[in-house]
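Thanks for asking me to look over this model. My comments follow as numbered points, for you to read alongside the coordinates.

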Amino acid sequence: MGTAEPQVAAATQPQTIDGFQLVIDALKLNGIDTIYGLPGIPITDLTRRAQAEGLRVLAFRHEQSAGYAASIAGFLTQKPGICLTVSAPGFLNGLNALAHATVNCFPMILVSGSSEREIVDLQQGDYEEMDQLAIAKPVAKAAFRVLHAEDIGIGIARAIRAAVSGRPGGVYLDLPAKLFAQSVEAEAGRRSLIEVVDPAPRQIPAPEAVKRALGLLKGAKKPLIILGKGAAYAQADADIRALVEKTGIPYLPMSMAKGLLPDSHEQCASAARSFVLPGADVVMLIGARLNWLLSHGKGKTWGATRAKDWGGQKFVQVDISPQEADSNVRIDAPVVGDIGSCVSALLAGLGADWPKPPADWLKAVAEKKTANVAKMAETLAMNPSPMNFHSALAVVRDVVKANPDAMLVNEGANALDFTRSIVDMHKPRKRIDVGTWGIMGVGMGYCVAAAAVTKQPVIAIEGDSAFGFSGMEVETICRYQLPVCVVVMNNNGVYKGTDVNPRGGDVAPTVFVKDARYEKLMEAFGGVGVYARTPGELRKGLDDALRSRRPTLINAVIDETAGTESGRITSLNPTAGKKK
Ligand code: ADP
Ligand code: TZD
Ligand code: MG
């Protein structure tokens, strides 16, 4: 008899939903399936409950790696990568990645728990007290804070739109601890969530802008196309290839645009870079900025006599940001819109009788390319002992060719520059690297995200210094049993291992412990360690790793004298008396 009463009471009790659940539901509603993060107050339960609700929660050893993972997941998927951190110190550890995402135009949302607003704002000394929103703003594309559970849906919708629409970037979302425990009536809570409709709307270029660009290209005697990582991000691969092939114009891929068309393509001018940049008269940039990586469109690289002078090329720039044009030199034909729409409009405008570029230009580019490829082949064929960057990377080049679906992660100085020029890419979005800032530390975070997102094997070519920034994440790689093979190009230091402290005592600042056994780090967590002193040993290690898909670290012993200061950008080092 008495049992009926409590049931009636339960039925009339309003059902509620808490802040934790609303965050999870909002993410799921928007197709987010993975969180990259590191638990702790106040978000530990969020990580647990997200996992229990079927989201993949990948927990890292340092928030910076989780952030880099989220940023590159954004690049690969066109959905915001989510990085979840605790307050103040965890937030700050993630901040570098947020800035990296913004600078590189990768969509990412850094979600951080934060402390009590009332105490933070009065600076009364709360646990991990910090005004995180204010600190995130200058490095984020947008930053939001949610104070009430009923606004979680709006907060997440705004963050998603800000991250992926227009020029993508890093967004900060501040979730104060109190929010998670707040409850709202379940039905109202559910109605407050937003499934974002068309988060990255197409932006169609103006017809007259397309016409202007085509007119300029048509009149060119020595045209060149430069593809950047914006073009890779856009996933308009077939149309980009068609545009390049139908115009017959030689093209240069920027680092992360390698493979958009296979590097072996006959129109690829990578091997003639220092010939085509100064030689071209009309250059079409597609998703590439004229920043330092392209010498700002000025100076000797572009055929000018003095460093600050413009080279005289005319530029077409295809970009989603209307403010990008004229940032460094005059852009004669800006085409503003999303790359998919722009490239398809350009293609449509080519018509049936588009003339190929003048034969003497194509011949000159081809000759330069053949000569440089032959020179490089000679260097690559040498087999010095100890190995140098070339003999080791000749092996990597062959392995990547045999495994074109594998992801290639790359960071370091010489380890970066030589890999970029020696290892051909065969498919789009397979190469991910240090990006616009030339940042060290992205490596292991990228490996985890690349494996999680693509399910393909990952090969990471890492300078020994670069690897050190995120080396502890080999535990993360082992924990999730990811098919990642890390190759540490071990030359005993930053650029080289040969510097000497003229005063004796401490070793030079660029030098590490000699012959460090990095492979044992992987073994410590159950992965495979390989010590490779010859190209044959390196080849075997890579082949075994790709076959077994077991976490592997190959310690590739490289001649410690082989590198150069700062790799290919020695000239950026300030030196006394140098005029810039
Ligand atoms: P890279 O370093 O490869 O030269 P950048 O990062 O300098 O490339 O340039 C990428 C450019 O691509 C940015 O200016 C960005 O605004 C643009 N971009 C990114 N995504 C898109 C897109 N979907 N459509 C058009 N432009 C885009
Ligand atoms: N810190 C961060 C976050 N990013 C950086 N780019 C640097 C420092 C400076 N830096 C470079 O630009 S490359 C590099 C550093 C420290 C490491 C180069 O050494 P490596 O590569 O072992 O990774 P190589 O093959 O020895 O040149
Ligand atoms: Mg090194």
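1. Asn291 counts as buried because its relative accessibility is 16%, and the cut-off for that class is under 20%. Please keep in mind here, as in every point below, that this is a predicted model. Asn291 sits in the loop that runs between strand S11 (282–286) and strand S12 (314–319). Setting aside residues up to four places away in sequence, Asn291 touches His296 and Thr436.

2. Pro223 is another residue to look at, this time in a strand: it is found in S9, residues 223–227. With a relative accessible area of 2%, Pro223 is buried. Once neighbours within four places in sequence are left aside, its contacts are Ile249, Pro250, Asp281, Val282, Pro357 and Trp361.

3. Now to ligand 1. Which residues come nearest to ligand 1? Of the 19 residues around it, they are Arg167, Lys229, Arg289, Asp319 and Ile339. By class, this shell is made up of eight nonpolar, six polar and five charged residues. Helix H12 (residues 229–233) gives the most to the shell, with three residues.

4. The polar contacts of ligand 1 deserve a point of their own. An oxygen atom of ligand 1 lies 2.5 Å from a polar side-chain atom of Asp319, and a polar side-chain atom of Arg167 is 2.7 Å from an oxygen atom of the ligand. Gly287 takes part through its backbone, with an N or O atom 3.4 Å from an oxygen atom of ligand 1. On its own ligand 1 exposes 590 Å², and the protein buries 96% of that.

5. Ligand 2 has 17 residues around it, and the closest are Asn414, Gly438, Asp464, Ser465 and Ala466. Sorted by class, the shell holds nine nonpolar, seven polar and one charged residues. H20 supplies the largest share of this shell, three residues.

6. As for the polar contacts of ligand 2, a nitrogen atom of the ligand is 3.1 Å from a polar backbone atom of Met440. The side chain of Asn491 places an N or O atom 2.9 Å from an oxygen atom of ligand 2, while a backbone N or O atom of Tyr495 is 3.1 Å from an oxygen atom of the ligand. Of the 600 Å² of accessible area that ligand 2 has on its own, the protein covers 76%. Two elements give two or more residues to the shell, namely helix H18 (414–422) and helix H20 (464–468).

Technical notes
Residues numbered from 1 in each chain as written. Chains lettered and ligands numbered in written order. Predicted model: local features only at pLDDT ≥ 70, side-chain atom pairs only at ≥ 80, totals over all residues. Heavy atoms only, no water. Near = heavy atom within 4 Å. Polar contact = N/O pair within 3.5 Å; in protein donor to acceptor, adjacent residues only side chain to side chain. Areas by Shrake-Rupley, 256 points an atom, 1.4 Å probe, with all protein chains shown as cover. Helix = DSSP H or I, 4+ residues; strand = E, 2+ residues; numbered from the N terminus. Nonpolar A, V, L, I, M, F, W, Y, C, P; charged D, E, K, R; others polar. Buried < 20%, exposed > 50% of the residue type's maximum accessible area, 1.4 Å probe, protein only. Contact = heavy atoms within 4.5 Å.
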